[in-house]
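I wanted a record of the charged side-chain contacts in this model. My entries follow in the order I looked things up.

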Amino acid sequence: MVVPVEPTLEQPLTDAELHRRLVYGDESALREAYAAYGELVRRVAVKVTHSPAGAEDVAQEVFAQLWSRPYAFDASRGSLRAWLSMLAHRRAVDWVRGEARQRKDARADDSALAAIPDAAPGPDETVVDRERSLLLHTALAELPRPQREVVHLAYFAGRTYRQAAVELGIPEGTAKTRLRSALRKLAESLADPPDPAPARGA
């Protein structure tokens, strides 16, 4: 006599086997997990981010974590589907917060950039403009090379944080930090000096 198996028991067993293979570094298990749950993760993420590109970034982070830290999932406490959905929601919230911080940083950077003169002045520039242009090049030369490289890409070459980071082979957060530090130094170097005090008896 064949004893029927309850359908509800099939998924935990499958998750447990998939989890075991992930723990042992089986790349085919990751492909199977992505094929089974990739669309679910993107759907959860896009509801939070309202951005298909953001949802794709979230999906990559979720499955990267599943691959690098498979032991974080406990098959005895729930299904892989539920765990990935929860993780996708958390990463999507982080993505939204990160975008908000990036917009805030961009506004701060724009303010700092406003203090920097045009690097390619025209023939009708004033003497003051020429002096400030010389100050700019001097200040740039005094920056540490890593900061100078980011400024060149982001300010002169028009790259975004992400593009600059890719070209330099550094994390995006590192590129942001270097650029903000460089802009602060440049703004300080180019700040207008105080007017000299009038001489006594003048």
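Entry 1. I began with Arg-145, which is exposed at a relative accessible area of 56%. The model is predicted, so I read this as a computed value for an exposed residue, the cut-off being over 50%. I then looked up its partner: the side chains of Arg-145 and Glu-149 meet in a salt bridge, at 3.1 Å from N to O. Glu-149 is partly exposed, with a relative accessible area of 29%. Both residues belong to helix 6 (residues 145-156), where 4 residues, about one helical turn, separate them.

Entry 2. I asked how many salt bridges a search of the whole structure finds. The search returns 6.

Entry 3. I turned to helix 1 (residues 10-23), which holds both Arg-20 and Glu-17, 3 residues apart, about one turn of the helix. Their side chains form a salt bridge, and I noted 2.8 Å from N to O. Arg-20 is partly exposed at 43% relative accessible area, and Glu-17 is partly exposed at 36%.

Entry 4. In helix 2 (residues 27-49) I checked Arg-42 and Glu-39, which sit 3 residues apart, about one turn of the helix. A salt bridge joins Arg-42 to Glu-39, with the closest N and O atoms 3.2 Å apart. Arg-42 has a relative accessible area of 21% and is partly exposed. The cut-off for buried is under 20%, so Arg-42 does not count as buried. Glu-39 is partly exposed at 44% relative accessibility.

Entry 5. Last, I looked up which residues are linked in a network of salt bridges. I wrote down Arg-21, Asp-26 and Glu-32.

Terms used
Residues are numbered from 1 along each chain as its sequence is written. This is a predicted model: local features need pLDDT of at least 70, side-chain atom pairs count only at pLDDT 80 or more; totals for chains, interfaces and linings use all residues. Side-chain values use heavy atoms; hydrogens and water are left out. A salt bridge is a side-chain nitrogen of Lys or Arg within 4 Å of a carboxyl oxygen of Asp or Glu. Helices (H or I, at least four residues) and strands (E, at least two) are DSSP runs, numbered from the N terminus. Buried means under 20% relative accessible area, exposed over 50%, partly exposed in between (1.4 Å probe, protein chains only).
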